[in-house]
Amino acid sequence: MSSGPRPAGTSGDIRLVRTNLAAARLDPRDCPAKRASDARPMLIADPEPPQLAEKLQDFTLKVFMDALDLIEHERKDPEWVIGELRRTNGTFGLYRRREAHPLLMSWSAEAVRHYLAARTADQHARQVADLPLTVPVRDTWVVGTDPGPVDSRGADTYEMTAWGRRYAALDGSTRELWLLTFGTAKDDRPEAEKAVAAYVVARGRPAVAGWRKRHTPVPFGELPQHRAALPERVRVIEFGCGDGKRNELLDWNRQEARQHFTAAGWPSLLQAIDGSETSPGTGCIDCKALAGCQALPRSPEILSITPPKRRHPRRSVSVTDLRAYRDCPAKYHATRQLKLRSSTPESPEVRRGRVVDAILNQRHAGTPYRSCETFPGPADPASWGAGGLHLTGQEALDGAAMLEQHNFYCPLDGLAAEEEVRVQYQAVCYDAGLGLVLIATPDLLHTRRGGWIWRETKTASRYLYEGEPLLKLYPQLALGVLMLAAGVLGGDTARSRVELELLHTDDVTFEELDPSHPGTVDEAREVIAQLAQPWARDQDYPTAPGRHCDGCEALEWCRAGIEHLAPTRQDS
């Protein structure tokens, strides 16, 4: 964000700059300009969009955090709280709270029990080590400056926060921050993020949350010592809500926290605060500067569906979302909106496809690019891997054979050096009438003589049957056709193509679609509309048990799915 002026399409005050751990993360998938506007909480969209909300709770950790607040700060019995969670559908009887989907309630109740067990185990370990126990802290910790002269960024106040569960030793010697992740506890958070978390824990003062205004410090006279004193040691702990495990990310003294913040934390925050490049993607959903953004292509009526009677807030949708919804609305809500996925191992076919995909992405992303035919195959075809996954035996042999088949159809073979190549690039466009950000991520995009080639590469266990409707089988091809036809990527539509490459162990099935052909575009529009219309109007996301239940990533929280599969599993 440039110094002083507000981004186009915004108004409001930019004098307050507030950063959080997500800013320090500098996720390369995020839009730098959006990240910078998020750091100005008093900046608003102009005109402000209508205040709309989903019918169901879509902040995954809201019910979990509310339950823990009752247990830790109000001293309510955990089983009573979990009973209230279920009785009130996750609202705890509070006015204007959105109800939680049954799957979210099941997940939240399980996560609360996991968390309490982890806290008990951690406290026991401290007791055994003769270390002071810690107690919950209600107030937010904020590192901030009092308002002063306006600087070159147009700011007069800077604040840093770190969201999580807060604890402090009764003697004030130690503070802890427990960070939360939906699934398995992470151990690979960026150094900058850990440094900022530690610094906020070490230096933060208790304050009342401000949202669109400055935080208000809690008067020292109202604070017991353990909440007011700056600690000698800080701990940051990662907790996996899914597996219930905890992982200590750091245990530093106050000086170490400052050193790490100076070396890694503050430089990352500065980069986040000053970001100006635009990169459309999922961040567009709640971006305050969307109205004035020139980087986001507008594609009105690309879906050709009827707007729902009850409007949703702005949201994104991909073909993966729509296919999950087609399987089961509850599955879509749990896995795509709430991002809840069980730790059930992937099928061999899915795992093999992910490894082959990772290898091809690595090869295609090379600079300067070159044909995959020039790369050697796995040194041991019966044991190899990529992307953090490893294949052995027949799985590995099949994957290696598929890589070899790809060499005959590699799109980079013979491609002129001046052409542009994009690997796993997010193609994004916006339909303002529906309030939808459409997102597609083809395996490979490249230019060719003025047009764009959209390549989808899949590993396949069977061949296509003659006459099978290709666009219905692979609706991501249909969305590619629509985006190219609408000029989302630019280029000459008549020279553009959507390609499907199905890799078998002994052959390749190759299909090509022309986005300038009216009949192809009409068919693609019909395919996507059939998927999107029921999704667009749904507000409740009911369960739809069926054969897709077996292997569903949300099955462990779905009573209907478990009951549907029970007879089959009893027979086996």
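Between which strand and which helix does the loop with Pro47 lie? Pro47 sits in the loop that runs between strand 3 (43–45) and helix 3 (62–72). Helices (H or I, at least four residues) and strands (E, at least two) are DSSP runs, numbered from the N terminus. The peptide bond from Asp46 to Pro47 is cis, with omega near 5 degrees. A cis peptide bond also joins Thr367 and Pro368, with omega about -10 degrees; Pro368 is in the loop between helix 11 (348–364) and strand 14 (383–386).

The model is predicted, and local features need pLDDT of at least 70, side-chain atom pairs count only at pLDDT 80 or more, and totals for chains, interfaces and linings use all residues. Residues are numbered from 1 along each chain as its sequence is written, and side-chain values use heavy atoms, with hydrogens and water left out.

Now the chain as a whole. The protein chain has 16 helices and 22 strands. A compact globule of 572 residues would have a radius of gyration near 25 Å, and the 26 Å of the protein chain agrees with this. That radius is taken over C-alpha atoms, and the globule rule is 2.2 Å times the number of residues to the power 0.38. The C-alpha trace spans about 75 × 65 × 55 Å along its principal axes. Of the 572 residues, 50% count as buried, where buried means under 20% relative accessible area, exposed over 50%, and partly exposed in between (1.4 Å probe, protein chains only). Among contacts (heavy atoms within 4.5 Å) between residues at least 6 apart in sequence, 73% join residues at least 24 apart.

The accessible surface of the protein chain is about 27400 Å², and 49% of this belongs to carbon and sulfur atoms. Accessible areas come from the Shrake-Rupley method with a 1.4 Å probe; for residues, only the protein chains shown count as cover.

Just after helix 5, Asp130 takes a positive phi of about 60 degrees.

Positive phi also occurs at Gln424 and Tyr541. Gln424, not a glycine, has a phi of about 50 degrees and is found in the loop between strand 16 (421–423) and strand 17 (427–431). Tyr541, not a glycine either, has a phi of about 55 degrees and lies in the loop between helix 15 (518–537) and helix 16 (559–571). Gln424 is partly exposed because its relative accessible area is 32%, whereas Tyr541, at 1%, counts as buried.

Two further loop residues remain. Gly204 is in the loop between helix 6 (191–203) and strand 9 (205–208), and its 0% relative accessibility means that Gly204 counts as buried. Gly204 and Thr140 are 64 residues apart in sequence, with their C-alpha atoms 8.3 Å apart. Leaving aside residues up to four places away in sequence, Gly204 touches Trp141, Val142, Val143, Arg175, Tyr199 and Leu230.

Pro231 belongs to the loop between helix 7 (225–228) and strand 11 (233–240) and counts as buried because its relative accessibility is 0%. Pro231 and Gly172 are 59 residues apart in sequence but 5.7 Å apart in space, C-alpha to C-alpha. With residues up to four places away in sequence not counted, the residues that Pro231 touches include Gly172, Arg175, Val201 and Arg254.
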